[in-house]
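Have the model open beside you as you read.

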Amino acid sequence: MAQAPAPRTDSPAPAAGAEPPTAGPAAGAGEAGRTRRGLLIGAGLAGAAGLAAACGGGDDAGGAAGGEGSGGGGGEGGAGGGNALARTSEIPVGGGKIFEAEKVVVVQPAQGQFKAYSTACTHKGCPVKKVSGGVIECPCHGSKFKIEDGSVASPPATKPLEEKQINVQGDQITLA
Ligand code: FES
């Protein structure tokens, strides 16, 4: 009687011996990576700090220079924009020029003789707009004023233009 031997089924589990690759080397690489990243980040920060320091220095220098520059400009602007009105060469002899912003009309009745008046017409207060033929003209109702003394040359105004004090130094005319 032959007995068939029972087939062995307890073959070794193939998976038992084959260990999945551990994270060993990978972890090592990861650490190396982290370390490298750390170094890179550190270097980056150092670089950024260096740049920031450089920028700060540049800004300081620029700011100081800008401040000086604008200070100087402001000073000049103040001197120029304060009372300065015109150059004498801008005012025609026997005529004048109106400065709307300053509300002043500057005239030169005779060579080298400068006078200034308020541009407010003494009739109803319109600003005078024109200097022509030895008179200052108001466009509203046609009043005219003599450039010599601001007196009325033509009604309806009855009172002279208000005279303004000016200084003439060299070729510069300034409001007093
Ligand atoms: S306001 Fe100048 S003429 Fe009347």
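## Ground rules

Two strands pair here if DSSP finds at least two bridges between them. Strands are DSSP runs of E with at least two residues, numbered from the N terminus.

This is a predicted model, where local features need pLDDT of at least 70, side-chain atom pairs count only at pLDDT 80 or more, and totals for chains, interfaces and linings use all residues. Residues are numbered from 1 along each chain as its sequence is written.

## The four-stranded sheet

With that in hand, look at the open sheet of four strands, ordered β5-β6-β7-β8 with antiparallel pairing. Its edge strands are β5 (130–132) and β8, each of which pairs on one side only. On average, neighbouring strands of this sheet are turned by 35 degrees against each other, direction ignored; the axes behind such angles are lines fitted to C-alpha atoms, and angles run from 0 to 180 degrees between N-to-C directions.

Inside the sheet, β6 (residues 135–137) and β7 (residues 144–146) are joined in the antiparallel sense by three bridges. You can find E137 opposite K144 of β7.

## The three-stranded sheet

A second open sheet has three strands in the order β1-β11-β10, again with antiparallel pairing. Here β1 (84–87) and β10 (166–169) are the edge strands, each pairing on one side only. Neighbouring strands of this sheet are turned by 25 degrees against each other on average, direction ignored.

Three bridges hold the antiparallel pair of β1 and β11 (residues 172–175). One place to look is A86, whose bridge partner in β11 is I173.

## A hairpin and its neighbour

Strands β3 (residues 104–110) and β4 (residues 113–118) pair in the antiparallel sense over five bridges, with V104 standing opposite S118 in β4. They form a hairpin with two residues between them, and G112 in the turn has a positive phi of about 80 degrees.

β4 is also joined to β9 (residues 163–164) by two bridges, and these strands run antiparallel. There, A116 has K164 of β9 as its bridge partner.

## A loop residue: A157

A157 sits in the loop between β8 (152–154) and β9. Is A157 buried or exposed? A157 counts as buried because it has 23 C-beta neighbours inside 10 Å; the cut-offs are 20 or more other C-beta atoms within 10 Å for buried, 12 or fewer for exposed, and partly exposed in between, with C-beta atoms placed from the backbone.

Not counting residues up to four places away in sequence, A157 touches C121, T122, H123, C138, S143 and V152 (contact means C-beta atoms, placed from the backbone, within 7 Å). T122 is 35 residues from A157 along the chain, yet their C-alpha atoms are separated by 5.9 Å.

Definitions and conventions
Contact = placed C-beta atoms within 7 Å.
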